[in-house]
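Keep the viewer open and follow the side chains.

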Amino acid sequence: GWLMVPSLLCSVISAAICVERFWTLRATQIVPKNLLVQVWNWIRSNEMDNKKLRELRAGSPLGQILAAGNHKRGREQMKESIEEVAGHVVHEMERYLNTLGTVAAVTPLLGLLGTVIGMIKVFTAIKLEGTGNAAVLAGGISEALITTAAGLSVAIPSLFFFRFFQRRVDELV
């Protein structure tokens, strides 16, 4: 029935978000190996200049946070700057996760709506033709079961990956 269109749309949205988040939330992308050691060496050898700061900001989210902490104005301003940038970085890491959670919550409801509509068709057919025409009854029951299965088959992986990516963000943070 027509409820398969939003279910298919939700599955495409969910798949796109999962692919994008797998690509974006790679540990090597967020927290490159040896970055902290490299920055510490730059600071120790007094090589930290504007060029290196720009390079650091552009390199990774951790680099953005470390670059924000490079203040000569005092410890409190440094902490505030790091916290502000870290908040933005975490927000970026959590991008689209609410949408993925919404897809996980909405698709079973779409399936349930399909079930209700299918059962209404079955009862309407029973009212009009009686219980003797099994083909008419089977069509409504089939529609009800297909939309339910479609809703669940989108919702279950969406919920799994929603939780998976939430955990990944927590680990990286």
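Start with a charge and a ring. The charged end of Arg-26 sits over the ring of Trp-23, 3.8 Å from its centre. Keep in mind that this is a predicted model.

Next, the aromatic pairs. The whole structure holds 8 of them. Take Phe-160 and Phe-161: their ring centres are 5.0 Å apart and their planes stand at 80 degrees, so this pair is edge-to-face. Phe-161 also pairs with Phe-164. Here the centres lie 6.3 Å apart and the planes meet at 85 degrees, so this pair is edge-to-face. Both Phe-161 and Phe-164 belong to helix α8, 3 residues apart, about one turn of the helix. How accessible are these rings? Phe-160 is exposed, at 52% relative accessibility. Phe-161 is partly exposed at 23%, and Phe-164 is partly exposed at 29%. Ring pairs join Phe-160, Phe-161 and Phe-164 with Phe-22 and Phe-165 in a cluster.

Now go to the core. The largest nonpolar core has 13 residues, and Leu-25, Met-93, Leu-100 and Phe-165 have the most contacts inside it. Helices α1, α6, α7 and α8 each supply at least two of its residues. The largest share, 4 residues, comes from α8. Beyond residues up to four places away in sequence, Met-93 touches Arg-21, Leu-25, Ile-30, Val-169, Leu-172 and Val-173.

Finish at Thr-107, in helix α7. Is Thr-107 buried or exposed? Its relative accessible area is 0%, so Thr-107 is buried. The Thr-107 side chain reaches the backbone oxygen of Gly-151 at 3.4 Å. Leaving aside neighbours within four places in sequence, Thr-107 contacts Cys-10, Gly-151, Val-154 and Ala-155.

Terms used: Residues are numbered from 1 along each chain as its sequence is written. This is a predicted model: local features need pLDDT of at least 70, side-chain atom pairs count only at pLDDT 80 or more; totals for chains, interfaces and linings use all residues. Side-chain values use heavy atoms; hydrogens and water are left out. A nonpolar core is a set of buried Ala, Val, Leu, Ile, Met, Phe, Trp, Tyr and Cys residues joined through side-chain atoms within 4.5 Å. Buried means under 20% relative accessible area, exposed over 50%, partly exposed in between (1.4 Å probe, protein chains only). Contact means heavy atoms within 4.5 Å. A polar contact is a pair of N or O atoms within 3.5 Å; within protein, one must be able to donate a hydrogen and the other to accept it, and residues adjacent in sequence count only if both atoms are side-chain atoms. Rings of Phe, Tyr and Trp (its six-membered ring) pair if their centres lie within 6.5 Å; planes under 30 degrees apart count as stacked, over 60 as edge-to-face and the rest as tilted. A charge sits over a ring if NZ of Lys or CZ of Arg is within 6 Å of the ring centre and within 35 degrees of the ring normal.
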